[in-house]
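Subject: Two-chain model, handover and notes

Dear colleague,

Here is the structure you asked for. My notes on what was found in it follow below.

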Amino acid sequence: MAEWLLNDLMQSARFAAQFEFLDEIRNFVGDIARRGGFSDKAVYNIQLATDEAASNIIEHAYKGVSNGVLELSCDVSNDAITIVLVDHGKPFDPSQIPAPDVKADLSKRKIGGLGLFLMRKLMDEVRYEAHPEQNRNVLTMIKYKE
Amino acid sequence: MEITTQEFKHCDLIKVKGRVDSATAPKLAQALESATKNGKYKLVIDMEGLEYMSSAGFRALLAAQRTCRRYNRGEVVLAAVPQRIREALELAGFTELFKTFDDVVSAVGYF
């Protein structure tokens, strides 16, 4: 289901925006990060952050949409990996999502916002831009090598 | 992802293998619900064969813990949590909400 475009510096792929493709999405970023020299721990965390980002897009941006497309690109430089996820669904403003209280008691623990929280913790930079005039939302995540 | 359930005298053991993400977490949630609907509130989740878990899996665990702890009738505990998954659970503050055991035998023995 993925169309792969390969060149030396950057790799991109398009995925159907469905949970069934999360496995492929994680493999795609995992392979690139591993080949780019990231540690096993960093590879796992990059995969987790990308999964959380893609899951949010599928669940929220493409809510009620069955034929959405998610464009994913990864770029490894000497010191960092940059992952860009583009969707054409409903824009959302991450700054409006309150951070979950990860110290709250069981009864007060909120379920929402955990994905975004993990993305911010696992990656060094997370940026979101909505371009409603182009019907295009761009999420950029960067992780530096340790 | 694969789930198998085994009943012991004092608790139920739920073994989860493979990868839990937004696609597979509903199956985990279902297995946990079916245990609690049968009046089983003391649950050990064996994570030894677990390769990956995203926040979708964490949510299923949290929902089960709420149900089990209600009226002090039981609890969900985690056994043999792989390192990467433990780190993510810690980051999300989930290790405060679940007792964890190094192996299944000690987790089952807790009940």
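I start with a loop in chain B: B:Ala80 sits between strand S5 (75-79) and helix H3 (83-91) of that chain. Please bear in mind throughout that this is a predicted model. B:Ala80 is not a glycine, yet its phi is positive, at about 50°. Most residues other than glycine have a negative phi. Is B:Ala80 buried or exposed? B:Ala80 counts as buried, because 20 other C-beta atoms lie within 10 Å and the cut-off for burial is 20 or more.

A:Asn135 is placed in the loop between strand S5 (125-131) and strand S6 (136-144) of chain A. A:Asn135 has 12 C-beta neighbours inside 10 Å and therefore counts as exposed, the limit for that class being 12 or fewer.

Chain B as a whole

Chain B has four helices and six strands. Their order from the N terminus is β-β-α-β-β-α-β-α-β-α. The C-alpha trace of chain B spans about 30 × 25 × 25 Å along its principal axes. Buried residues make up 44% of the 111 in chain B. Among the contacts in chain B with a separation of 6 or more, 71% are between residues 24 or more positions apart.

Two residues in chain B

B:Ala64 belongs to helix H2 of chain B. B:Ala64 is buried, because 24 other C-beta atoms lie within 10 Å. Leaving out residues up to four places away in sequence, B:Ala64 touches B:Leu32, B:Thr36, B:Leu43 and B:Val76. B:Arg84 is 20 residues from B:Ala64 in sequence, and the two are 22 Å apart in space, C-alpha to C-alpha.

B:Leu43 has B:Ala64 among its contacts in turn.

The nonpolar core

In soluble globular proteins, nonpolar side chains tend to be buried together. The largest nonpolar core here has 74 residues. Which of its residues touch the most other members? They are A:Ala49, A:Ile57 and A:Leu118 from chain A, with B:Val20, B:Leu43, B:Ile45 and B:Met47 from chain B. Helix H2 (residues 40-61) of chain A gives the most to this core, with 10 residues.

Contact between the chains

Chain A puts 19 residues into the contact, and chain B puts in 19 residues. On the side of chain A that touches chain B, the elements giving two or more residues are helix H1 (22-35), H2 and helix H3 (114-122). H2(A) supplies the largest share of that side, six residues. By class, the side of chain A that touches chain B has nine nonpolar, two polar and eight charged residues.

Helix packing in chain A

H1(A) packs on H2(A) at an angle of about 145°, and their axes are 9 Å apart. The H1(A)–H2(A) crossing is right-handed. Among the residues making this contact are A:Leu22, A:Ile25 and A:Val29 of H1(A) and A:Val43, A:Ile46 and A:Thr50 of H2(A). The residues of the contact of H1(A) with H2(A) comprise eight nonpolar, four polar and three charged.

H2(A) and H3(A) also pack at about 145°, with 9 Å between their axes. The crossing of H2(A) and H3(A) is left-handed. The residues of H2(A) that meet H3(A) include A:Leu48, A:Ala49 and A:Glu52, and those of H3(A) include A:Gly115, A:Leu118 and A:Leu122. By class, the contact of H2(A) with H3(A) has seven nonpolar, four polar and one charged.

H3(A) is itself mostly covered, with seven of its nine residues buried. The buried residues are A:Leu114, A:Gly115, A:Leu116, A:Phe117, A:Leu118, A:Met119 and A:Leu122. Within chain A they pack against H2, S5 and S6, and across in chain B against helix H2 (55-69) and H3.

Regards

Terms used:
Residues numbered from 1 in each chain as written. Chains lettered and ligands numbered in written order. Predicted model: local features only at pLDDT ≥ 70, side-chain atom pairs only at ≥ 80, totals over all residues. Contact = placed C-beta atoms within 7 Å. Core = buried A, V, L, I, M, F, W, Y, C linked by C-beta atoms within 7 Å. Nonpolar A, V, L, I, M, F, W, Y, C, P; charged D, E, K, R; others polar. Axes fitted to C-alpha atoms, helices over the stretch in contact; angles between N-to-C directions. Left-handed = near helix turned anticlockwise from the far one by under 90°.
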